[in-house]
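Please read the following briefing alongside the sequence and the coordinates.

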Amino acid sequence: MHTTTDYSYAQKLRQELSAPLFNPLLKKWVGRGELDYEVYLKTPELLSLQVEEEQRVAHDELMFQVVHQAQELWLKLASREAVEVVAELDGGALWAASARLERVSRVLRTMVSELAVLETMTPDTYQVIRRSLGNGSGQESPGYNMLRHAAAGLEGALERLLARHEQTLKSVYSAGGPDDLKRICEQLVDVDEAFQGWLHAHFQLVRRTIGVDRSVKALDGLPTQVLAGRMTMPLFRQLWDVRVELTSAWRREGGLAPGASREGCMHAGPGAYTAPRPGGGCPAHGAFPPAEL
Ligand code: HEM
């Protein structure tokens, strides 16, 4: 049984990774910043945006910085895409807006899974890194501020879209409401849900890393407990409020008791296609939600 560990292999590998590498397929040196890929993506600048290895306060600091920087980039993308959606909604290009809103949702969902990487850092390691973060606050994140600002712009574009079509959120969500506008509204809800999902994932990250309690203060002095209330603050409040209104207008009458006969619910025989009814109700039992709220 040996008693000493030979770290020379890891040391050699570390040194090799900090110098250009010869790619035998290309027969070129990669890492000098001269190749088209490196020039276009500015990889020399990008890869030097993290604290140098010798200067890190903890090994995990690289991971900590990479995740934060990546999150800032995704937030930048999401906010710039939101600007395009505003232009598309104002120009009546609803298909294009719909496709782009899907992209924004996917970006935000990607950010949720990225936070799982940060969760591999244990609280004791963060205690070390935390000492070098000054009084930094999450509220100082440029990406977060840009996204919230862009979302306010999106809210305005939705209001203008509804006004041009002489619709309200209530009428859009009523039986027979315009499907295209309803689709856009639902995709904005998708974006909002993904955004709140990100804040929720962040809350759990904070909880397992420094704890959530009135006594636990963030670096800016705020108790971490404030995050609990903030993570459900929506981007598009009216889109959530309309659901409350729909449910308060809901009536139990017209439904079927569980197990009761459903005779007459469909016009056609089995296997025949029946055109969908606005609001999705069956002819015998009426549409839901009601045509007029
Ligand atoms: C271990 C990692 C993290 C810890 C311990 C942490 C801790 C905290 C704490 C205590 C707060 C509340 C006080 C404040 O506003 O500063 C906060 C807020 C915030 N953090 Fe983090 N955070 C972490 C990672 C991240 C990451 C990766 C992002 C991505 C950009 C982020 C973005 C934010 C944002 C936007 C807020 C404000 C949220 C709001 O006010 O609703 N945080 N964070």
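Is K27 buried or exposed? K27 is exposed, because 7 other C-beta atoms lie within 10 Å, where exposed stands for 12 or fewer such neighbours, buried for 20 or more and partly exposed for what lies in between, with C-beta atoms placed from the backbone. This is a predicted model, in which local features need pLDDT of at least 70 and side-chain atom pairs count only at pLDDT 80 or more, while totals for chains, interfaces and linings use all residues. Residues are numbered from 1 along each chain as its sequence is written.

**Domains**

- The domain assignment of the protein chain gives domain 1 (17–46) and domain 2 (58–249), bounds of this kind being taken from an automatic or database domain assignment.
- Between the C-alpha centres of domain 1 and domain 2 there is a separation of 35 Å.

**Backbone at two lysines**

- K27 is placed in the loop between β1 (21–23) and β2 (28–30), where helices (H or I, at least four residues) and strands (E, at least two) are DSSP runs numbered from the N terminus.
- Although K27 is not a glycine, its phi is positive, at about 55°.
- K42, in the loop between α2 (36–41) and α3 (43–46), is likewise not a glycine and has a positive phi of about 55°.
- K42 is exposed, because 10 other C-beta atoms lie within 10 Å.

- In soluble globular proteins, nonpolar side chains tend to be buried together.
- Not counting residues up to four places away in sequence, V191 touches L101, V104, S105, L108 and L235, contact being defined by C-beta atoms, placed from the backbone, within 7 Å.
- With 25 residues, α5 reaches 37 Å from its first C-alpha to its last, close to the 36 Å expected at 1.5 Å a residue, the expected span being 1.5 Å times one less than the number of residues.
- The buried residues of α5 are A97, R100, L101, V104, S105, V107, L108, M111 and L118, and they pack against α4 and α9.

- M63 lies in helix α4 (residues 61–90) and is partly exposed, because 17 other C-beta atoms lie within 10 Å.
- Although M63 and L118 are 55 residues apart along the chain, their C-alpha atoms are separated by 7.3 Å, and M63 touches V117 and M121 when residues up to four places away in sequence are not counted.
- F203, in helix α9, counts as partly exposed because it has 17 C-beta neighbours inside 10 Å.
- The C-alpha atoms of F203 and M231, which are 28 residues apart along the chain, are separated by 7.5 Å; leaving aside neighbours within four places in sequence, F203 is in contact with L227, A228 and M231.

**Ligand surroundings**

- The ligand is surrounded by 22 residues, the closest being S137, G138, Y144, A218 and R230, where a residue counts as near if its C-beta atom, placed from the backbone, lies within 6 Å.
- Two or more residues of this shell come from each of α4, α9 and α10 (226–230), and the largest share, five residues, comes from α9.

How values were computed
Contact = placed C-beta atoms within 7 Å.
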